[in-house]
Each structure stands twice: as C-alpha cells, then as structure tokens.
Amino acid sequence: MSTIAAFYGGKSILITGATGFMGKVLMEKLFRTSPDLKVIYILVRPKAGQTLQQRVFQILNSKLFEKVKEICPNVHEKIRAIYADLNQNDFGISKEDMQELLSCTNIIFHCAATVRFDAALRHAVQLNVTATQQLLLMASQMPRLEAFIHISTAFSNCNLKHIDEVIYPCPVEPKKIIDSLEWLDDAIIDEITPKLIGDRPNTYTYTKALGEMVVQQESGNMNIAIIRPSIVGATWQEPFPGWVDNVNGPSGLIIAAGKGFLRAIKATPMAVADLIPVDTVVNLTLAVGWYTAVHRPKSTLVYHCTSGNLNPCNWGKMGFQVLATFEKIPLERAFRRPYANFTTNNFTTQYRNAVSHRAPAIIYDFYLRLTGRKPRMTKLMNRLLRAVSMMEYFVNRSWEWSTYNTEMLMSELSPEDQRVFNFDVRQLNWLEYIENYVLGIKKYLLKEDMAGIPEAKQHLKRLRNIHYLFNTALFLIAWRLLIARSQMARNVWFFIVSFCYKFLSYFRASSTLKV
Ligand SMILES: CCCCCCCCCCCCCCCC(=O)SCCNC(=O)CCNC(=O)[C@H](O)C(C)(C)COP(=O)(O)OP(=O)(O)OC[C@H]1O[C@@H](n2cnc3c(N)ncnc32)[C@H](O)[C@@H]1OP(=O)(O)O
Ligand SMILES: NC(=O)C1=CN([C@@H]2O[C@H](COP(=O)(O)OP(=O)(O)OC[C@H]3O[C@@H](n4cnc5c(N)ncnc54)[C@H](OP(=O)(O)O)[C@@H]3O)[C@@H](O)[C@H]2O)C=CC1
C-alpha cells in the first residue's frame with residue numbers, strides 16, 4: 001500500500017485553481033489514488049455563463065475523469081465547490097463556507113494564478129501576490145492544517161542563470177508594491193512596470209517571485225513548501241498519455257505549426273527545452289504535501305520540478321519530433337504544410353515573418369474578400385506573432401536548476417510510492433513523450449477524429465501541389481518581366497532553350513539508333 005495515498009485518506013483538502021490545467025490533474029490523481037479522502041474543497045468562480053455546479057459537472061464528465069468515476073463512483077459527492085473570486089476581499093466567500101473551510105481543512109494546494117505574460121501589473125499582483133497573502137492568512141486560522149503547498153514557477157528567478165532551491169529576495173518588498181498599487185493610477189503603474197520588473201521578461205515571473213517572498217514572510221509556524229515547475233506540458237503516463245486541455249506554453253505553438261500558420265520562430269535549437277509533464281508535477285506536489293505534513297521540515301523547502309539537469313532535451317530536437325509526428329498524424333484543415341524553421345538571427349526572423357507569415361495571410365485575406373467573406377487571417381497572424389514574441393525569451397536561453405530537495409524527497413519514498421507517485425523525469429523518453437503530446441493535442445484539445453487522418457493527408461498533398469504551382473507561376477512571371485527588361489536575361493534564356501532543344505534532339509537521335 002502506498003504511504004502517500006494512505007496519508008490523504010480521510011483528509012479534507014482545499015485546492016485553489018482546481019479548474020485550471022494543473023488543478024484538474026491534481027484532483028484526478030487524488031481521487032484515483034485516495035478514493036477514501038473526505039472532501040476536496042475547490043474555490044471556483046462562475047465563468048463564461050456557467051455556474052459553479054456546471055463547471056464541476058463539465059470537469060467530472062471529461063475524458064480526464066473516466067478512470068476516477070470507475071474507482072470512485074461517488075466522486076461528485078466528495079467535491080465541494082465554494083464560490084470564490086481571488087480578486088475580492090476575503091475572496092467573496094460566504095461566512096458559512098469560510099467557517100467550514102477554517103475548521104475542516106487539513107491540506108492546502110494553492111495552484112490559482114494568472115499565468116498570462118501580458119497581465120497588467122495590478123492584476124498580476126492581485127492574483128499572484130495579494131491572494132497568496134490572503135490565503136496564508138486564512139491558513140493561519142485553520143487549527144487542523146497540516147501542510148500548505150504553494151505552486152510557483154521555475155522561472156520566478158529567470159533573471160539568474162543558476163537557480164538554487166531557495167527563496168531569493170526581490171529588490172522591492174511585496175508589501176510596498178501592494179500598498180503603492182492601492183493609490184497609484186493605472187497609467188502610472190504601466191509606466192513604472194518595466195522599471196519594477198527589471199531584468200525579468202514579464203509581470204508573470206515578477207509577481208510569482210513576489211508571491212514566494214510573501215509565502216516566506218507569512219509562513220508563521222505553518223508547514224509550508226513551494227514547488228517550482230518549469231514549462232508544464234501534457235501528461236506523460238497518467239491517467240493516460242498526452243492529455244492536455246489548454247493552449248498555454250508549447251501547446252499553442254505546436255498547434256500553430258501543425259496548422260501551418262507558424263513556419264519560423266526565433267529560437268536557439270541547442271537551448272534546453274525544459275518541459276515537464278503535468279502528471280510529474282502533480283506526483284511531486286502530492287509527495288511534497290505528504291512529506292511536509294509528516295516530517296515537518298524546520299524551514300520552507302523549495303522543490304524544483306524541472307527536466308533539464310536530469311534528462312535534457314533541446315528545442316531543435318523537440319521541433320524535429322513535432323514535425324515528424326505531423327508527417328504521420330497531420331492536423332485537419334491545415335492552412336499550409338507544417339514546417340518550422342528555427343533561427344537565432346533577427347534579420348532572418350523579420351524576413352520570415354514578412355514572407356512566411358504576413359504575406360500568405362494578406363493573400364488569403366484578399367482571396368476571402370474576393371469570395372465575399374470577411375478577412376480574418378491577418379488579425380489572427382498578428383495575434384500569433386505577438387504570442388510567439390512573448391515566448392522568445394524562454395526559447396533562446398538555458399537555465400540550470402538545482403534539484404537537491406527533489407532528489408532528497410525521491411530517496412525518502414518507499415519503492416511503492418516511487419512507483420505510484422513517480423516524478424523521476426530520468427525515465428522519460430522524449431521522442432515518445434512528444435509524439436504522445438502532439439497526438440493528445442489533436443485528440444483532446446482540438447477534438448479531431450482519428451478517422452479523418454487520410455483526408456488530412458490528402459489535404460496536405462493538395463496544399464503541396466498548390467505550393468508548387470504558386471511558386472512556378474511566380475517564377476515564370478518574374479522571369480518574363482526580367483526578359484522584357486534585360487538583354488542579359490534574354491541571352492541566358494535563349495541559351496537554356498537552345499541547350500534543352502539540342503539535348504532533346506540528341507536524346508531522340510540516340511534512342512532511334514538503338515532501335
Ligand atoms: C515545431 C513547433 C515547436 C514549438 C516550440 C514551442 C516553444 C514554446 C515555448 C514556451 C515557453 C513558455 C515558458 C513559460 C513557462 C511558464 O511558467 S508560464 C505558464 C504558461 N503561461 C503561458 O503560456 C501564457 C502565455 N499566454 C499569454 O500570455 C497570452 O495568451 C498571450 C500570448 C499574451 C496572448 O494574449 P491575447 O492576444 O490576449 O490572446 P488570448 O485571448 O490569450 O488568445 C488569443 C489567441 O491566441 C491563441 N494563443 C494563446 N496562447 C497561445 C500560444 N502560447 N501559442 C499560440 N497561440 C496562443 C489562443 O488560442 C487565442 O486564439 P483564439 O481563441 O482567439 O482563436
Ligand atoms: N502552465 C505552466 O506551464 C506552468 C504553470 N505554473 C504554475 O502552476 C499553477 C497552475 O497553472 P495552470 O494550471 O497552468 O494555470 P491555468 O491558467 O490553467 O489555471 C489557473 C487557475 O487559477 C484560477 N483563477 C485565476 N484567477 C482566479 C480568480 N480571480 N478567482 C478564482 N480562481 C482564479 C483559474 O480559474 P478559472 O478557471 O475560473 O479561470 C484556474 O483554475 C500556477 O500557479 C502557475 O503559475 C508554473 C510553471 C509552469
């Protein structure tokens with residue numbers, strides 16, 4: 001029997017961000033391995049016209065929860081969705097709900113955050129810093145609390161090259177930032193944001209670093225741990241390979257490449273692609289929850305959940321494998337054939353953006369206009385290129401993350417726990433993982449039918465023919481214009497034509513002789 005699974009039995013667990021990518025996988029694993037847990041409280045807000053109940057219903061009825069429903073048929077009775085908006089004071093939680101949470105919670109997993117790179121500083125601070133502070137305040141009033149696990153990111157200190165499993169101080173105290181945002185107006189905040197974030201690339205990484213400082217400052221005598229995952233990707237093994245349901249990080253760019261929108265990217269092929277499967281992050285998170293509650297380390301431990309130092313894969317290899325998978329399993333209705341050129345040169349990037357991205361979009365929009373439809377490709381391309389530009393920072397650098405605490409924890413686990421809560425990324429076969437990831441994007445995210453693969457392949461063949469035809473026509477037009485203007489071009493043209501004619505005559509003569 002797994003010690004960790006047994007530990008969560010009978011427990012009341014509070015999860016923030018349970019409707020997010022990582023939160024869903026965390027809930028799924030908890031129910032599957034510890035079906036006898038008491039309750040999972042999830043803090044949820046209504047969204048996109050759906051009530052809390054509808055959102056929970058949708059999650060439980062998704063493919064991800066199929067296995068759970070077999071193992072734990074009463075799973076819906078064990079989820080208690082509590083209305084909460086992390087942007088509000090006290091999260092807008094009702095008195096009764098708050099009372100229940102304070103008196104019953106044993107473990108907290110704090111996953112909620114804004115992960116957008118372009119979030120306004122005020123919004124990012126509210127979610128990633130102030131909400132963390134408020135949750136810690138709540139946690140400090142929970143008599144039965146055994147552990148508080150905070151999910152941060154390995155990039156919270158991406159301004160450093162070598163990152164240890166420690167909390168680094170920020171130049172400005174989180175409290176000072178929170179206070180000043182209360183009275184500064186938005187225009188001034190926008191102006192000072194670049195100065196505040198300094199050598200970090202965005203408000204996300206900056207506010208996640210501030211969030212860690214808050215955790216350290218407000219930890220009191222609680223048992224707290226911080227997990228820092230790198231770039232979280234589709235599931236590796238559990239509950240099945242390749243599950244993913246959002247376009248964050250690499251997933252969006254893989255789709256864009258597969259659909260033929262994204263043909264070139266400014267990326268360093270040899271830079272480490274520090275991807276980590278979401279189920280690996282969840283396994284580590286649950287193991288840390290157990291260790292922190294049972295062993296009660298004296299200080300707040302930080303755990304890096306990264307792959308680069310144990311089992312590195314680079315962007316070149318990843319891109320190659322993504323394209324190789326699209327050869328076998330193409331996406332439906334591609335705009336162009338999948339192709340990805342990685343370049344580190346600014347000029348080449350600009351050139352590629354103009355020729356391979358913007359020009360085809362403009363031509364396609366022209367075609368849409370001609371056929372009486374609304375043009376949309378240029379707008380879509382601009383958004384895509386903006387998203388790509390925000391990822392550039394992460395695909396042109398490599399970081400070294402030390403993993404002493406993570407390795408120490410692995411050695412503390414029994415062989416059974418190492419199997420059930422496997423976070424040993426050395427066992428990951430990248431080629432297999434990337435293939436499953438791409439397949440998962442097609443099946444679970446885009447919901448494309450596997451039966452459509454032959455038609456998708458036919459479509460790519462048609463695109464290839466159109467491509468050849470287009471290039472030939474372009475070449476002939478250019479050549480015709482050149483001939484009309486230059487004597488030299490005319491000479492070359494006549495030389496080629498007479499050479500071909502002579503060659504054909506010789507070929508015909510020699511074949512007649514043989515007969
Ligand atoms: C051969 C191939 C090799 C591949 C090679 C991969 C390299 C890939 C390296 C990643 C490296 C990250 C490393 C971070 C590690 C963390 O810790 S961060 C956690 C992850 N967070 C993120 O990834 C958030 C990034 N996303 C954002 O910040 C925002 O979505 C953006 C990019 C600023 C766009 O904002 P926006 O214009 O307001 O648009 P938004 O409403 O979010 O989406 C607009 C459209 O863009 C699409 N979109 C959103 N995100 C993306 C995306 N990442 N990509 C493409 N499209 C996207 C949406 O689907 C949407 O389409 P429509 O629904 O409108 O049709
Ligand atoms: N994805 C990645 O590559 C990485 C993620 N991380 C960290 O992992 C954690 C989880 O990330 P991930 O699952 O990918 O993120 P998602 O964006 O998928 O999920 C974010 C979650 O936070 C919730 N949330 C956001 N704002 C509010 C709010 N105002 N009130 C209540 N809930 C809110 C969202 O709820 P709703 O559904 O209502 O929007 C959602 O459940 C984050 O802390 C992130 O920083 C770290 C490294 C990499």
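Select Ala48 first: its relative accessibility of 77% makes it exposed (over 50% relative accessible area with a 1.4 Å probe, protein chains only; under 20% is buried, in between partly exposed). Ala48 is not a glycine, yet its phi is positive, about 50°. The residue sits in the loop between β2 (39-44) and α3 (52-60); helices (H or I, at least four residues) and strands (E, at least two) are DSSP runs numbered from the N terminus.

This is a predicted model, in which local features need pLDDT of at least 70 and side-chain atom pairs count only at pLDDT 80 or more, while totals for chains, interfaces and linings use all residues. Residues are numbered from 1 along each chain as its sequence is written, chains are lettered from A and ligands numbered from 1 in the order in which they are written, and side-chain values use heavy atoms, without hydrogens and water.

Next, go to Arg333, in the loop between α13 (315-328) and β12 (341-343). Arg333 also is not a glycine and has a positive phi, about 45°. With a relative accessible area of 65%, Arg333 is exposed.

Then select Glu238 and Pro239: the peptide bond joining them is cis, with omega near -10°. Pro239 belongs to the loop between β8 (231-233) and α11 (250-258).

Finish with residues 357-448, where an unreviewed UniProt entry places the feature "domain: Fatty acyl-CoA reductase C-terminal"; UniProt positions follow the numbering used here, feature names are shortened, and annotations may be inferred rather than shown by experiment. Over residues 357-448 the chain is 70% helix and 2% strand, with its end C-alpha atoms 25 Å apart.
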